[in-house]
Each structure stands twice: as structure tokens, then as C-alpha cells.
Amino acid sequence: MGNLRIVKINDHLHYIGVNDRYTHLFEAMWPLPDGISYNSYLFDGGSKTCLIDCVRIDSVREFMDNISEVLDGRPLDYVVVNHMEPDHTSSLKSVVERFPEIKIITNKKAVKMMSNFYNIGEENVVLVEDGETVEIGERKLTFYTTPMVHWPESMVCFEEETGILFSQDAFGGFGTLDGAIFDDQLDWEVYREETIRYYTNIVGKYSVQVIRALKKLEGLDIKMICPDHGPVWRENIGRIVGLYSDLSEQKTEDGVLIVYGSMYGNSEFVAESIARALADEGVRNIRIRDISKTHLSYLISETWNYKGIILGCPTYNVGLFPPMENLVEVLKKQKMKNHVLGTFTNYTWGGGAEKKFAEFAEQSKWEVLPTTVDVMGLPGDEDFEKCRQMAKEMAEALKK
């Protein structure tokens, strides 16, 4: 086989995925500084062949070449659609047109989406239910539904004989696969932060459903995980499963994230003062982010990670500074927990931001520090004392 981008996983399975280094924003929202991979697998059952998940349409030519080279003249009998999101299915219509006799294995929740997205009817669909097994020639795949991880039709499939789990978006992450596709061939630390950002941005809101899915799958004897994004896991499966478990349970790190907005520098002065006071209290893991310069994607990921969260900004039109207002609205929808919240505000002739922060504090259900800092213009001695008090309270809360 001359195509080096095709990787033989075992005697009956090939990796035929593609890398995306040209898309700037995933889902038109989330930055991709290191790109992303769209993973697809060609499963050989002996007398029958099966494609497991497709790729984004932009790479369809490369994808179809990969399929043809592995098939080497054989027909493609089945395609599994585990998840209907277009980064995995927008090339499906091209596959069906190329192999008109193909059978599409999916669940009933995906069928309507398939019709709406690609005008593909039900006549060639093989419907599967939770726990159902389908024979692919002389081999078998068993399907398990994982609703709302992170779409309602989501499912995974498992080959019991080899212990391979095809997990679609679960256990995936941002970042292209630069040469190596297996976890034991690459530097995990390069991928870890982007995996966390992927989870918190894309899947995090549905963590309760992730916990249910992990519970459902924990009885399987999994020896390899083949996700639709990121590395194939064959050596350190516990590492990625453990990370997803910790993220779904929203385990936090004992540190403080300070996110501030500042138009002319006074709110930044307060943020720096609180950080300095935290350091004096013995807090060693402190990170400050300017909300006007840091993309929302990274703020979501870091907020998820840190136990202590301090938000601050000036009053703007009797409310929050608009970038902070946007962050607060997103945090409300993310359903995060296990955090301690502190807030500070700044105003010139009239306040309002402090009231909006108070409303968020009540709605968040987070532990809230007793002390808030509300500064008029440039902070003075009394304001600095409140900064020290807030830092002391936060340090004590972290020790709990």
C-alpha cells in the first residue's frame, strides 16, 4: 500500500482519516490553532466491508482515494453513522453516490437528520437499537446509544473480539495528527490541553449524559479506542478515560483564574492587586486573563479547570462590560459546578455591574466569597484592603 496516510491498525482495520489545517474556527466559533483531525476507519469483515464514520466534505477527494486504495477493487457494503454532525457526515452523500448498493447502519433518531441534511432516504438504512449486534461478514459490531453526548442520535460501536471501541466524538480532542496516530507514538502533553478545551467547549454542558455513557460502557473489555477526533488509544486507555471521567465529574484544580475587563486600566489594577494578595496568602496557581484579548473558548476551558474564579470589570451602560456580560451568559448555560466565586467592579459616576455580578452569583449555585470590591476610579487604600480580604477568603476556601 503506497499511501502513507493510510495506517493499518490490525489485519481487518485501517485508519483512513484526514487532517484539517485550514479551518480557522471549529463550528465557526472555536479556534483551531493546531487544526483538527477527522478520523474514519475501514473495517474488513472478510466477505463484507464497512466504513465507520466519514469525514468533512472539504477533504472528500483524499477520503475517497483512501477508501479506494484499501478496498483495492472490492465493494463497500456498509457505512456506520455513529453521529450525524456534518464534520463526520458531510461526505456521506459522496460515499453513497460512489457505492449505490451500500447499506447505512444507524439509529432511528439519525434517519430524519440524514434526510434533512443530505436527502438520503430510508431504503438502504439498517436500523440498530441499543445493545444490538450486526454481522459484518464474519465479524460483528455491537451498538450502544449514548444520547446527548453530545447530540440525541449519538451512539458508539464495539467489536468484542478485539476489544475495539469506535467512540465517535467521545474521547476526542482538537489538534491534527502530525504523523503518528497512536497515543504511544506521540507526546500526550502536546494534546492534553486541546483535549480539555474540546471537551469543555463541545461536550461539557452534557456532562451528566457523559457520566451515564461512561457507566454504560464500563463493563466492556476495551483494549483500544478509535475516536473521530484525535489519537487512537491502544496503550494508555486509562489516561483518556480518566481524563474524561474527571472532566465529566467537574473535578477542579486548586488554583485561581482571574478574568478581567478594563477600558482604561483601573480594573486591571484591581485584578493585579488581588493576584498579588493571593500570592501573599500562599496561592501558587494563579492565572490572569484579559477578557478583551482572550477568546471565549479558552476562558470556558480554564474556568472549568480552576476551583477559584474571580471576575471583574467596569460598569458599562449600567451593566457589565459587554465582553464580560457575554462570558457570564455562557457560564450560566455551561452548568459548571465545584467553583468558588469572587467579583470586583469599577465605576466612574454610577454603578450597575456589581448588581449583575450579584445576580450571576445567586444563579450559579457556586460558593460565593463574602467580600466584593467596588472601586470608583483609581483604587485606594480602602480598596486594596478589600482586595487583601477577598484573597484571604479565597485562599481559605481553596484549603477546604
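I began at a loop: H150 lies between β13 (139-145) and β14 (155-159). I stopped there for the peptide bond joining V149 and H150, which is cis, with omega at about 5°. A reminder to myself: this is a predicted model.

Q168 is not a glycine, yet its phi is positive, about 40°. I placed Q168 in strand β15, which covers residues 164-168.

**Domains**

I then looked up how the chain is divided. Domain 1 runs over 7-249 and domain 2 over 253-399. I found their centres, taken over C-alpha atoms, 39 Å apart. To the contact, domain 1 brings 16 residues and domain 2 brings 11.

How much area is buried between domain 1 and domain 2? I noted about 1,100 Å², with carbon and sulfur atoms giving 56% of that. On the domain 1 side, the residues that lose the most area to domain 2 are R197, T200 and K205; together they make up 41% of what that side buries.

I also checked for pairings across the boundary. Salt bridges between domain 1 and domain 2 number zero, while four residue pairs are in polar contact, both residues at pLDDT 80 or more. Which elements give two or more residues to the domain 1 side of this contact? They are β5 (30-31) and α5 (188-203). The largest share is from α5, with six residues. Sorting that side of domain 1 by class, I wrote down eight nonpolar, four polar and four charged residues.

I turned to UniProt, where an unreviewed entry lists residues 256-395 as "domain: Flavodoxin-like". In the model, I find that stretch to be 46% helix and 26% strand. The C-alpha atoms at the ends of 256-395 sit 9 Å from each other.

**Salt bridges**

Last, the charged pairs. Side chains of opposite charge can pair when their charged atoms come close. My count for the model is 21 salt bridges. One that I looked up is D20 with R56, where the closest N and O atoms are 3.9 Å apart; the cut-off is 4 Å, so this pair qualifies. Where do its two partners sit in the chain? D20 belongs to strand β3 (residues 18-20), and R56 to the loop between β8 (49-52) and α1 (60-71). The two are 36 residues apart, so I logged the pair as one that links distant parts of the chain.

Definitions and conventions
Residues are numbered from 1 along each chain as its sequence is written. This is a predicted model: local features need pLDDT of at least 70, side-chain atom pairs count only at pLDDT 80 or more; totals for chains, interfaces and linings use all residues. Side-chain values use heavy atoms; hydrogens and water are left out. Domain bounds come from an automatic or database domain assignment. Contact means heavy atoms within 4.5 Å. Buried area is the accessible area (1.4 Å probe) that two parts lose on being put together, summed over both. A salt bridge is a side-chain nitrogen of Lys or Arg within 4 Å of a carboxyl oxygen of Asp or Glu. A polar contact is a pair of N or O atoms within 3.5 Å; within protein, one must be able to donate a hydrogen and the other to accept it, and residues adjacent in sequence count only if both atoms are side-chain atoms. Helices (H or I, at least four residues) and strands (E, at least two) are DSSP runs, numbered from the N terminus. Ala, Val, Leu, Ile, Met, Phe, Trp, Tyr, Cys and Pro count as nonpolar, Asp, Glu, Lys and Arg as charged, and the others, Gly among them, as polar. UniProt positions are given in the numbering used here, feature names are shortened, and annotations may be inferred rather than shown by experiment.
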